[in-house]
Structures are given as structure tokens and as C-alpha cells.
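Welcome! Please open the model in your viewer and follow along, one selection at a time.

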Amino acid sequence: MWLAGASVGATTGLLTLEFPSLGWLVLAAFVVPALLSATRVAAISGLTVGFGGTWLALLGNSSASCRPPDCIAPDIAPWLAIGSGVLTTGIALTVALYVRIRSRRAP
């Protein structure tokens with residue numbers, strides 16, 4: 001379920017930047033059933049890793065490739081911080097899930 005969440009997260013990360021209405025709709029369409037699933041932590045952790053990583057990669061690339069005076073872009077530092085926060089949350093959830101699964105398997 002983690003991989004499905006990461007795939008949807010990466011896709012919705014791109015869509016929310018390019019086609020916001022469609023991106024948020026697809027995100028909501030995944031989150032609602034995922035929260036009702038028995039594997040919700042895996043789904044949501046994958047989703048946040050994919051979403052945050054995509055935002056950070058795409059926004060970071062656009063910020064890094066803009067060089068004045070040829071390119072004048074607005075300050076996107078707050079959006080980079082949001083992407084970093086979502087990615088960090090996803091990594092923390094993934095680590096917590098891994099630890100929980102490992103502790104259940106330990107003899």
C-alpha cells in the first residue's frame with residue numbers, strides 16, 4: 001500500500017502544481033478510502049513522501065534554474081518549506097511504520 005500511496009502522491013504533487021483542481025480532487029479521492037483502510041498508515045506515509053518529494057523536486061528545480069536578469073520569479077521559499085515539511089512527515093511516518101512492523105516480527 002505504501003507504493004500505491006507514493007505513486008498517487010507523486011502524481012498529485014505534479015497535478016497540484018500544473019492543474020490544481022484536478023490534483024486536489026485526485027488527492028482527496030485517494031485519501032478518503034485510504035483513511036478507511038486497514039493499511040492507512042502505509043498509504044498516507046507513501047502519499048506524503050511522494051507528494052512532498054515531488055513538490056520539493058519541481059519547485060526546487062524551478063527556483064534553482066531561475067537566474068536574474070533573464071528570469072524573475074516570485075519567492076517560493078514558503079512553498080519549498082511546505083514541500084519539505086510534507087516530505088519529512090512522510091519519512092517519519094514511514095520509519096515509524098517500519099519500526100512497528102519490525103517489532104511485531106521480533107521473537
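**The whole chain**

Buried residues account for 30% of the 107 residues in this chain. Keep in mind as you look around that this is a predicted model. Show the chain as a cartoon: you will find four helices and zero strands, in the order α-α-α-α from the N terminus on. Zoom out, and the C-alpha atoms fill a box of roughly 60 × 30 × 15 Å along the principal axes. As for contacts between residues at least 6 apart in sequence, 72% link residues at least 24 apart.

**Stop one: helix H1**

Select residues 2–18, which form helix H1 with its 17 residues. From the first C-alpha to the last, H1 reaches 24 Å, close to the 24 Å expected at 1.5 Å a residue. Which residues of H1 are buried? Colour Gly5, Ala6, Gly9, Thr12, Gly13, Leu15 and Thr16 to see them.

**Stop two: Thr48**

Stay with helix H3 and pick Thr48, which sits in this helix. Is Thr48 buried or exposed? Thr48 counts as buried because its relative accessibility is 15%, and buried means under 20%. Show the side chain of Thr48: one of its polar atoms lies 3.0 Å from the backbone oxygen of Ser45. Finally, select Gly53, Val86, Leu87, Thr89, Gly90 and Leu93; Thr48 touches these residues, leaving aside residues up to four places away in sequence.

Technical notes
Residues numbered from 1 in each chain as written. Predicted model: local features only at pLDDT ≥ 70, side-chain atom pairs only at ≥ 80, totals over all residues. Heavy atoms only, no water. Helix = DSSP H or I, 4+ residues; strand = E, 2+ residues; numbered from the N terminus. Expected span 1.5 Å × (residues − 1). Buried < 20%, exposed > 50% of the residue type's maximum accessible area, 1.4 Å probe, protein only. Polar contact = N/O pair within 3.5 Å; in protein donor to acceptor, adjacent residues only side chain to side chain. Contact = heavy atoms within 4.5 Å.
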